[in-house]
Amino acid sequence: MTFDDLRIFVAVCRAGSLSAVARELSCTQSAVSQHVKRLERATGVRLLERRPRGVVPTAEGRVLQKAAAEGITGLDLALRRLGELARGETGSVRVTTGATSVRHFMSEAVVAFREEYPGALLEFRTETSSVNCFEALTEGAVDLAWVTIGKPVRGIEQRPVVELPWVLAVRADDPLAARSRITPADLSGVRHIRFPENSSSRSHVDTALARLGVHLTSDTAVADWDTAILLAGLGVGHAVVPDLPGQGLAGTPAGALRFLPLPDLPPLPIGWAVRRWEALTPLARAFADLVAAELERG
């Protein structure tokens with residue numbers, strides 16, 4: 001039984017496919033299967049069960065998968081730190097988040113972090129959804145994920161940092177622009193600029209509006225908040241977006257746009273997700289704390 005055996009076994013359980021892991025590792029399916037068979041010989045139990053569309057762990061396999069995944073997380077962090085020490089590096093922080101989050105939530109924290117830790121490497125990885133951010137965490141590709149806080153995710157710890165009220169972004173010459181606030185009834189008939197189906201923002205908005213009996217129609221889709229705001233300014237439609245830091249206070253003019261409060265929608269919780277807080281490196285914890293402190297001051 002080797003470290004690679006366990007790592008590949010965990011990858012197979014996550015992917016549900018030997019061939020998918022083989023493609024990811026640029027090796028043969030037989031080579032991947034050998035790693036699993038070696039584990040089965042060492043443990044004396046069957047770890048995988050074949051299904052028509054792939055494989056799933058057996059009850060015994062799930063026990064090993066959970067223990068191995070937790071152990072690999074700690075070993076990966078230790079090996080990474082040992083590599084940094086061997087290369088004479090002071091450390092690094094790897095963050096995954098949406099395309100516009102750094103500008104809205106982290107710009108001041110990045111400057112403060114760079115001043116305090118000039119030798120540290122700060123690396124950002126852009127993902128299109130919270131689900132993808134969670135996968136990056138699970139795979140050990142990043143230390144921190146800035147996400148919409150939602151339902152519990154197995155193997156992930158989430159910590160809210162800020163709650164954002166919702167606003168409707170409209171052009172200054174839009175008939176709704178004169179309102180001081182937007183009610184659910186006002187949303188009837190708006191040309192909604194929607195987010196992707198797998199995004200936490202869309203799920204939050206759709207669920208909240210459905211409870212209010214509002215169903216929006218849409219002929220435009222975007223991947224991020226800033227693009228939705230840009231298109232709203234161009235008159236393409238109306239954007240239901242969070243009241244983002246640096247965007248301007250809700251209800252105040254920002255160029256050709258107005259951001260009108262939607263007080264009937266529950267605020268959107270945003271914050272950090274990690275594999276385990278106690279396993280974070282001191283640098284990663286320092287960056288997470290800086291972001292939270294800057295937003296609290298803001």
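## Pocket and model

On a 1 Å grid over the protein atoms alone, a pocket is an open set of points where a 1.4 Å probe fits, with protein on both sides within 12 Å along at least five of seven lines, and lining residues have an atom within 4 Å of a point. Rolling a probe the size of a water molecule over the atoms shows where empty space is left.

This is a predicted model, in which local features need pLDDT of at least 70 and side-chain atom pairs count only at pLDDT 80 or more, while totals for chains, interfaces and linings use all residues. Residues are numbered from 1 along each chain as its sequence is written, and side-chain values use heavy atoms, with hydrogens and water left out.

## The chain as a whole

The chain contains 9 helices and 13 strands; these are DSSP runs numbered from the N terminus, helices being H or I of at least four residues and strands E of at least two. The C-alpha trace spans about 70 × 50 × 30 Å along its principal axes.

Of the 298 residues in the chain, 46% are buried. Buried means under 20% relative accessible area, exposed means over 50%, and partly exposed lies in between (1.4 Å probe, protein chains only). Among contacts (heavy atoms within 4.5 Å) between residues at least 6 apart in sequence, 72% join residues at least 24 apart.

## The largest pocket

The largest pocket holds about 910 Å³ of space, a volume being the space filled by probe spheres set on grid points that are joined across faces, edges and corners. Its lining has 31 residues, and Val-10, Arg-14, Ala-69, Thr-138 and Glu-139 lie nearest the centre. Two or more lining residues come from each of helix H1 (3–15), helix H2 (18–25), helix H4 (59–86) and helix H6 (130–138). H4 gives the largest share, 8 residues.

By type, the lining has 13 nonpolar, 5 polar and 13 charged residues. Here Ala, Val, Leu, Ile, Met, Phe, Trp, Tyr, Cys and Pro count as nonpolar, Asp, Glu, Lys and Arg as charged, and the others, Gly among them, as polar. Ala-69 belongs to helix H4 and, at 29% relative accessibility, counts as partly exposed.

## Helix H6

Ser-130, Cys-133, Phe-134, Ala-136 and Leu-137 are the buried residues of H6. Seen down the helix axis, they fall within an arc of 160°, so they line one face of H6; the arc is that of the directions from the axis to the C-beta atoms. Their cover includes strand S3 (92–97), strand S4 (121–126), S5, strand S6 (157–164), H7 and S13. Just after H6, Gly-140 has a positive phi of about 80°.

## Helix H7

H7 (residues 200–211) has 12 residues and reaches 17 Å from its first C-alpha to its last, close to the 16 Å expected at 1.5 Å a residue. The expected span is 1.5 Å times one less than the number of residues.

The buried residues of H7 are Ser-201, Arg-202, Val-205, Ala-208 and Leu-209. They lie within an arc of 140° seen down the axis, so they line one face of the helix. Among the elements covering them are strand S5 (144–148), strand S7 (166–171) and helix H8 (225–233).

## Ser-26

Most residues other than glycine have a negative phi. Ser-26 has a positive phi, near 55°. This residue sits in the loop between H2 and helix H3 (29–43) and is exposed, with a relative accessible area of 70%.
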